[in-house]
Amino acid sequence: AQIVQVVSEFLNNAVEALADGGGEIRVLLRGVECSPAELAGSRTDVEVAPGRFVVLEVADNGHGMSDDVRERMFEPFFSTRRAGRGLGLATVLG
């Protein structure tokens, strides 16, 4: 259920990014080997041991995000949507 919620949040954001005129959404799932250096940039509060991981990538060719939005996108209650609650990506991070 949690994985479905994460994928749904990412897809909803991608669909909204394309709302102005269509585009493409790509979903990629792949296995990777992560080193300690790669994991050092993780946004989790949990220490993660190096090793094999699954990467889920959702990408779109929408208008993109400004640097300011990218810095705050995981903040609870931060939203760029008029009707947004700002909990989607905060939930994903959690």
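Reader: Which residues form a nonpolar patch on the surface?
Author: This is a predicted model: local features need pLDDT of at least 70, side-chain atom pairs count only at pLDDT 80 or more, and totals for chains, interfaces and linings use all residues. Residues are numbered from 1 along each chain as its sequence is written; side-chain values use heavy atoms, without hydrogens and water. A patch takes residues with over 30% relative accessible area and no salt bridge, joining like charges within 9 Å and nonpolar side chains (Val, Leu, Ile, Met, Phe, Trp, Tyr) within 5 Å. The nonpolar patch on the surface is made of Val15, Ile25, Val27, Leu29, Val54 and Leu56.

Reader: Which elements give two or more residues to the nonpolar patch?
Author: Elements here are DSSP runs, numbered from the N terminus: helices (H or I) need at least four residues, strands (E) at least two. Three patch residues come from S1, which gives the most. The elements that give two or more are S1 and S2.

Reader: How much accessible area does the nonpolar patch have together?
Author: Accessible areas come from the Shrake-Rupley method with a 1.4 Å probe, and for residues only the protein chains shown count as cover. Taken together, the residues of the nonpolar patch have about 530 Å².

Reader: Is Val54 buried or exposed?
Author: Val54 belongs to strand S2. Buried means under 20% relative accessible area, exposed over 50%, and partly exposed in between (1.4 Å probe, protein chains only). Val54 has a relative accessible area of 62%, so it is exposed.

Reader: How many helices and strands are there in the protein?
Author: From the N terminus on, the order of elements is α-β-α-β-α-α. The protein therefore has, by the DSSP runs, a count of four helices and two strands.

Reader: How many salt bridges does the count come to?
Author: A salt bridge is a side-chain nitrogen of Lys or Arg within 4 Å of a carboxyl oxygen of Asp or Glu. One of them joins Glu75 and Arg72, at 3.1 Å from N to O. Glu75 is partly exposed at 34% relative accessibility, and Arg72 is partly exposed at 37%. By this rule the count is four.

Reader: Which residues are linked in a network of salt bridges?
Author: Glu57 and Arg26 meet in a salt bridge, 2.6 Å from N to O. That pair links distant parts of the chain, 31 residues apart: Glu57 in strand S2 (residues 51–60) and Arg26 in strand S1 (residues 25–34). Glu57 also forms a salt bridge with Arg30, with the closest N and O atoms 3.7 Å apart. The network is made of Arg26, Arg30 and Glu57.

Reader: How many residues apart are Arg30 and Glu57?
Author: Glu57 is partly exposed, with a relative accessible area of 23%. Arg30 is partly exposed too, at 37%. The pair links distant parts of the chain, Arg30 in strand S1 and Glu57 in strand S2, and the number of residues apart is 27.

Reader: Which residues is Arg81 in contact with, leaving aside its neighbours within four places in sequence?
Author: Arg81 sits in the loop between helix H3 (67–72) and H4. Its C-alpha atom is separated by 9.1 Å from that of Glu16, 65 residues apart along the chain. Contact means heavy atoms within 4.5 Å. Apart from those neighbours, Arg81 is in contact with Asn13 and Glu16.

Reader: How far apart in space are Gly21 and Gly62, C-alpha to C-alpha?
Author: Gly21 is in the loop between helix H1 (2–17) and S1. Gly21 is exposed, with a relative accessible area of 67%. In sequence, Gly21 and Gly62 are 41 residues apart; in space, C-alpha to C-alpha, the distance is 8.9 Å.

Reader: What share of the residues in the protein is buried?
Author: The accessible surface of the protein comes to about 7300 Å², and carbon and sulfur atoms hold 53% of it. Of the 94 residues, the buried share is 18%.

Reader: Which element has the lowest mean pLDDT?
Author: pLDDT is the predictor's confidence in each residue, from 0 to 100. The protein averages 85, and 99% of the residues score at least 70. S1 has the highest mean among the elements, at 95; the lowest, at 76, belongs to helix H4 (residues 88–93).
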